[in-house]
Structure formats: structure tokens, C-alpha cells
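Welcome to a short tour of a protein chain. Take a moment to turn the model around on your screen before reading on.

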Amino acid sequence: MIGYYAHHHGAGHAWRAATIAGYLAEPLTLLSTTPPADRDSFTDYVALASDADQVGNACDPTALGSLHWAPLHDRGLQARMDQIARWIHRTRPAAMVVDVSVEVANLARLLGVPVVVIAMPGDRSDAAHQWGYRLASRIVAPWPREIYDPSWLHPFADRVHYVGAFSRFTGRSATAATVPVRKGLVLVGAGGSSLEAVQVEALMARVPHIGWNVMGGSAGWRDDVWSALCEADLVVSHAGQNAVAEIAAAKRPAILVPETRPYSEQVHTAQALSRAGIAAMSPDWSGVADRLLEGFLDTPDWSRWAPDGAGAATARTISEVAAGGSG
């Protein structure tokens, strides 16, 4: 058995776990606060207790800068860690994938389980992140090193696998987008967004020749995300890893608007793709119309960011650790 801890913020971590599960020969148990949308992808699911009860009123949550979230006397945190520890004791997993939590990585390794950490973009040079990478048997970076090579991963170069981006849609056939652009899609992240209705209305008014579809946020989600991506000639999206990987699978031109997230992860992703000429970037939603009217890449080479076999390569790395290949 392999365990997979998926962070509850946004939907991308659980979708990534489900995608990896499809490539693994070993059974996979998901441990997360939020139930997965694709429950059938997993052998089992452990619904973890919430550790967010003390947000805004937490006592020393970082343990004097050593951790990210471990508030003192938090019963939700205690229950959550107890669930994970009991699951490890009962199941005796061959490996634990952590996506992402320095605290869970520490717990699993302290209990004698080899850990595979999924790296995230952004500035991860702080002590807690560095300790999490130091104790990992393997680190998976779901992006290509030639496009994004953060210095904070350099000390662990012998354990980092830069596999490239992947998503649940990777490998599907996608037709080319229409030029000039006639249909646009706005993707709003599940982890919160700065996009407001008035900004969407302003975008529609400034580029009236494009018919816009909005998914996520107050507009709600549809089950046929893939169809919406393929119907669009252009995608305007936040720069979350899962959203970008899904746009890559659909091979759509994109304007990325990084949302405010810890460690500036979306800013770093959007900047890397912009420098590589794969996607355009707007610093905020109000600037999208300007960026669109300036012009953008019509035929992006998304294979540079999301190469074939990235999901399978991730699964192989996890299987190697589970088989005892961690040293």
C-alpha cells in the first residue's frame, strides 16, 4: 500500500493524486480533509479531521519558524495527526507521498516510512520547506528543469526528479484553436480568486468580438471541463499547477493571472511560462484585456512544459521508493 496525503486547499492536489493512481501498479490510499471528486481512483480514502479551527487565533503555529502549521493545543491538529499515525501503524505503507505538508512529511518519516515529497513552485527557501526536502527519499518537481530551475532545490539535486507537468487530461487528443480568437474561457480557481463579476463584464466590453465562458467561482463548475477547454480558442486562467497542466493538455493559448498564494507559487509559475514564451501573463484580472489586445502566442508549444510520460515517470519514482529504492 502507498499513502498519498493531499492538501485540502484548492482541488489540484487531489486531482494530481487521482492521475498518479492511474499509473501505479500498487494500491493507493488518499488521506485528505476534502473528499476526492474521483473516489474510484483510490483503493481507500481516509477523511482527515480539519486542522483549521484556530486560523487567525493560533498559538505559535510555526513552532518558532521551524514548521508551517502546528498551533499549540489544537485538537483538530491532534486528531488529524493521530488519524495518520494510526493509519500508518495499521496499514504499514511501503511509502508516503506528501502533496504538500512539511508536518505530515515529518510525521511519516518519524514513523519509519519513506517519503516522496511533491515540490511546489514559489520561494521555498524557508527552513521548514528545506527540512521537508532534506528528509525526503525523493522529490518530484512537476515541471521541466530547463524552464524552471529554482535555486532552493539545488541542495537536493541527487533526489529531485523533474518530470514535467501532467493532469487528468494528459494524453487526450485536442484540436488546434481557431485564429483569430472567437471563443474564450475564463477559469477561476477553487482555492479562492480575486476575480469579480465587474472585471468579467469589463473584459467582455473591451473585446466584444470574443464570446466568453466562465467556469469556477460564482459561475460554478461544470463536469465537462475538457469540452470547455477544447471549445475555447483562448484560456484566461489563474496559474495553479493543475489548471496550467489541463490547459497544456488541451494545447490552448493562455493568459495566466497569478493569484495571491503562499510563497508566491502562482507568480513563479506564470513568470516561468511567460519567459519561455509558452503563455502570456497579466499581473491582475483587470489587465487581461490589455494583454489580449497587445497580442499573445497563437500556437504555444505546451509539450515543453508538459512532456509525454510525466505522470508515468512520477508513478515510477514512487514505486521505486516503495520497493526499497530509497537507499
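Let's begin with what counts as a pocket. On a 1 Å grid over the protein atoms alone, a pocket is an open set of points with protein on both sides within 12 Å along at least five of seven lines, while a cavity is a set of points where a 1.4 Å probe fits but cannot get out; lining residues have an atom within 4 Å of a point. Grid points are joined across faces, edges and corners, and the volume is the space filled by probe spheres set on them.

This is a predicted model, in which local features need pLDDT of at least 70 and side-chain atom pairs count only at pLDDT 80 or more, whereas totals for chains, interfaces and linings use all residues. Residues are numbered from 1 along each chain as its sequence is written, and side-chain values use heavy atoms, with hydrogens and water left out.

## The second largest pocket

The second largest pocket holds about 360 Å³ of space. Its lining is made of 20 residues, and those nearest the centre are Ala-248, Ala-249, Lys-251, Trp-302 and Ser-303.

Sorted by type, this lining has 11 nonpolar, 4 polar and 5 charged residues. Here Ala, Val, Leu, Ile, Met, Phe, Trp, Tyr, Cys and Pro count as nonpolar, Asp, Glu, Lys and Arg as charged, and the others, Gly among them, as polar.

The largest cavity has a volume of about 60 Å³, and its lining includes Val-186, Gln-199 and Trp-285.

In that lining, 7 residues are nonpolar, 1 is polar and none is charged. Helix 5 (residues 197-206) gives the largest share, 3 residues.

## The chain as a whole

The chain has 10 helices and 12 strands; these are DSSP runs, numbered from the N terminus (helices: H or I, at least four residues; strands: E, at least two). The C-alpha atoms fill a box of roughly 60 × 45 × 40 Å along the principal axes. Of the 327 residues, 52% are buried, meaning under 20% relative accessible area, with exposed being over 50% and partly exposed in between (1.4 Å probe, protein chains only).

## A look at Thr-62

Find Thr-62 in the loop between strand 3 (44-47) and helix 2 (75-91).

Beyond its neighbours within four places in sequence, Thr-62 is in contact (heavy atoms within 4.5 Å) with Leu-67 and His-68.
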